[in-house]
Amino acid sequence: MANPQLVAQDIPRSCSPFAACTPVAEFSCASRITRDADEHAESLRAWDQRYEQLTPGGFEGRLTDVWLGGTQLFREVTNQIVHQAGRAWTGAWVFGVVLDNQGEGAIQGSPLAQGGAFSLGCDTDFLFRTPRCLDVVGIALSRDWVETSAAATGDRSLQDAAAAPPRLFRRCADIDELRTYLRELFTAIEVDSTPFRQPNAQRSVVSALAGTLSAVVSGDSGISHAASRDARSRLVERAKAYVLDRRETPVTVTELCEFLCVSRRTLQYCFQDVLGVNPVQYLRAIRLNGVRRELRNHPTGVRIGDVAARWGFWHLSQFSADYRRMFGELPSETLRAARA
């Protein structure tokens, strides 16, 4: 699927009016209802931007701004056509996903169709004319994180995207998957952000996002078949040993790739070929077993939500469904039996 490059215009880099900004280092979640475009622009932390309302009528906006250990996620809902101009914090690579819109917007002067997405290279001044009604999620990853991940895994797709000019992505299966994940994520955050204070939950979210973003920007869902069957088996055995040695600290796919020095696609193919499951399914199974073990062995004075968050589960209804599918009972039933 073609991913046409956008044409940057109107704000020359040499005379940009937008100053460098500082990201938030620790977990933070802030939600705000706004009635003014300027107030809305100022609500997005660490960004330097200016909003101009272009259509008549009362402005209504909602912004949820979340920081997970240096990664920023925000959901922005507006009801008027607005011209946005500015820049994210220094070193941020930004990927935007349109969840819903009425009418067609434009970013860097190029049309942003319904269901689409866009990428802004690090330290890029942006111009965005929103549709009248917009619901969009932005993901900002630091250049340092992207480069470190690329060096460890050999997967340069995100690093290349971060260094590239702005790009527009048409709707595809990977973007639809990302959109569904982001809807569920923000629903969970808006109901109760407490589980996301757990470092393991944060790592789980960032790793999941990185994997899907890599598939989107590479535009290639194929999997490398370079390794022989014996090599694939050895790689999976090394991965299993690494995971089982770290039961108390749930391992992410990114961490496995770094340890094994392979790309996500290679890891995916090896696990699917040898175990019949993908790495995400395997790691989820390990984490589910970790929760079950903790509920059974330490049933006194524990909350299921706290235990689940420690093992990287933030979507509690999905966690309960996965747990029941895996063990044939709800986590509450496991806990009740352990207390009996």
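In the protein chain, residues 24 or more positions apart account for 74% of the contacts with a separation of 6 or more (contact: heavy atoms within 4.5 Å). The model is predicted: local features need pLDDT of at least 70, side-chain atom pairs count only at pLDDT 80 or more, and totals for chains, interfaces and linings use all residues. Numbering starts from 1 along each chain as its sequence is written, and side-chain values use heavy atoms, without hydrogens and water.

The chain has 12 helices and 12 strands. These are DSSP runs, numbered from the N terminus: H or I with at least four residues for helices, E with at least two for strands. Of its 340 residues, 52% are buried (under 20% relative accessible area, 1.4 Å probe, protein chains only). The chain exposes about 15,400 Å², by the Shrake-Rupley method with a 1.4 Å probe. Carbon and sulfur atoms supply 48% of that area.

Take helix α4, residues 173–191. Its 19 residues reach 27 Å from first C-alpha to last, close to the expected 27 Å (1.5 Å times one less than the number of residues). Its buried residues include Leu178, Arg179, Tyr181 and Phe186.

Now turn to α9 (residues 279–297) and α11 (residues 316–327). They pack at about 85°, with axes 10 Å apart. Axes are lines fitted to C-alpha atoms over the stretch in contact, and angles run from 0 to 180 degrees between N-to-C directions. The two helices are therefore roughly perpendicular (65 to 115 degrees). From α9 come Arg284, Ala285, Leu288, Asn289, Val291, Arg292 and Leu295; they meet Phe319, Asp322, Tyr323, Met326 and Phe327 of α11. The contact residues divide into 8 nonpolar, 1 polar and 3 charged. Ala, Val, Leu, Ile, Met, Phe, Trp, Tyr, Cys and Pro count as nonpolar, Asp, Glu, Lys and Arg as charged, and the others, Gly among them, as polar.

Technical notes:
Parallel < 35°, antiparallel > 145°, perpendicular 65-115°, else oblique. Buried < 20%, exposed > 50% of the residue type's maximum accessible area, 1.4 Å probe, protein only.
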